[in-house]
Amino acid sequence: MNGFGSFIASPWGSVLAITGMTLVTFLCRIAGVVVMSRVRITPRIERGLRALPGSIILATILPVVIDNGWPAMVALAVAIMAMAATRIDIVGLMAGLGTLAVIRAFG
Amino acid sequence: MTLMPPALRPHFSYSGLRHGARAALPAFPGFIMFALAFGTAAAQKGLSLGETMGLSAFVYAGASQMVGLEIWQQVWTPATILTIMTVTAVVNARMIMLGATLQPWLKHEPLPRTALNLFLLTEAGWLIGTRYHNEGGRDVGVLLGCALILWLVWLATTFVGFFAGALLPEPKRFGLDLVMPIFFGVMLVPLWKGAKPALPWLVAGLVSLIVHALVPGYLFIIAGALAGVIAGMLIE
């Protein structure tokens, strides 16, 4: 085994793995800003970016909520209604979690 | 917007840091549950405390940390290091889009502060920052304050999970396994501007469901998000 190979096989390999993961993650984190600073933001691009927050939320939660069945769907609906009524995010969150806990306690 | 002074130019203030730290509060439960789960899983997998904290402190991206554990090695080779870097990049590629929306807000910031802000970028912090920005706020301190406090919460609860994870009660009993999805759902409400602007969200949701059914892993998130952005560009 050459020097580099035995270095990677030593406990320093984990340091290298974490460094590598950190590096690619940081590149993902900065890439959007770097690219957009070199692109002229047309109305079309702006429309696309404006759709992102809601899109990323639905793309993240929909499969998870459906996998967890009707209690998760009811809890999510209650959370959204509580948030719409109060506009206080922590109230919406607690309403949703409370609903889920109650359904599971009796289910 | 009577509450917020008209400050439409991006700026930075230390009072913004405090404001951001307070605004981050609703994201705490999700961060705590996820970091506890990660710390617990890392200890069970046999990672050292240094490796576990290193992943949480520097990679600081929950889904990729969890996936990383699945392919973690006792003895590394160049090939396994390349694999874990590739998998991490795929799971975290969605962050490219988060950064893209922040660019107009950050473009006059000094580079080191933007680097720190982006190093600490997470979906939850970004959603809180986006809400603040949509309501007219332009203080970059809010984004950074939110990010800093969430990072500290993440580190502290990774530590607790590493040592005490096995002692904690079953999170499912309290509905805490779904705390992150429910928080995200709550953050959808202030984004709502009527049915038509939400049409891309529907596309995003449908595409993510299809991809989730067909492809294992976390690919459904970026696939759905990309579909939503493209739909937003196409719908006049």
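Modeller: Helices are DSSP runs of H or I with at least four residues, and strands are E runs of at least two, both numbered from the N terminus. By that rule, chain B has 12 helices and zero strands. The model is predicted: local features need pLDDT of at least 70, side-chain atom pairs count only at pLDDT 80 or more, and totals for chains, interfaces and linings use all residues. Residues are numbered from 1 along each chain as its sequence is written, and chains are lettered from A and ligands numbered from 1 in the order in which they are written.

Biologist: What pattern does chain A follow along the sequence?

Modeller: Chain A reads α-α-α-α-α-α. That is six helices and zero strands.

Biologist: What pLDDT does chain B average?

Modeller: pLDDT is the predictor's confidence in each residue, from 0 to 100. Chain B averages 93, and 97% of the residues score at least 70. For the complex, the predictor gives an ipTM of 0.92 and a pTM of 0.91.

Biologist: How do I read the radius of gyration of chain B?

Modeller: Take it over C-alpha atoms, then apply the globule rule: 2.2 Å times the number of residues to the power 0.38. For 236 residues, a compact globule would come near 18 Å; chain B has 19 Å, so the two agree. The C-alpha atoms of chain B fill a box of roughly 55 × 40 × 40 Å along the principal axes.

Biologist: What radius of gyration does chain A have?

Modeller: Chain A has 22 Å, but a compact globule of 107 residues would be near 13 Å. Its C-alpha box is roughly 60 × 45 × 25 Å along the principal axes.

Biologist: Where do the domains of chain A fall?

Modeller: Domain bounds come from an automatic or database domain assignment. In chain A, domain 1 is 1–39 and domain 2 is 53–107. Their C-alpha centres lie 36 Å apart.

Biologist: And which domains make up chain B?

Modeller: Chain B is divided into domain 1 (14–177) and domain 2 (192–236). Their contact takes five residues from domain 1 of chain B and five from domain 2 of chain B. A contact means C-beta atoms, placed from the backbone, within 7 Å. The centres of these two domains, over C-alpha atoms, are separated by 23 Å.

Biologist: How many residues of each chain are in contact across the interface?

Modeller: 75 residues of chain B are in contact with 60 residues of chain A. The chain B side divides into 51 nonpolar, 19 polar and five charged. Here Ala, Val, Leu, Ile, Met, Phe, Trp, Tyr, Cys and Pro count as nonpolar, Asp, Glu, Lys and Arg as charged, and the others, Gly among them, as polar.

Biologist: What percentage of chain B counts as buried?

Modeller: A residue is buried if 20 or more other C-beta atoms lie within 10 Å of its own, exposed if 12 or fewer, and partly exposed in between. In chain B, 48% of the 236 residues count as buried. In chain A, 43% of the 107 residues do.

Biologist: Which residues have the most contacts inside the largest nonpolar core?

Modeller: A nonpolar core joins buried Ala, Val, Leu, Ile, Met, Phe, Trp, Tyr and Cys residues through C-beta atoms within 7 Å. The largest has 99 residues, and those with the most contacts inside it include Ala79(A), Cys146(B) and Leu150(B). Helix H9 (residues 140–164) of chain B gives the most to this core, with 10 residues. Beyond four places away in sequence, Leu150(B) touches residues including Ala24(B), Phe31(B) and Thr122(B).

Note on methods
Two residues are in contact if their C-beta atoms, placed from the backbone, lie within 7 Å.
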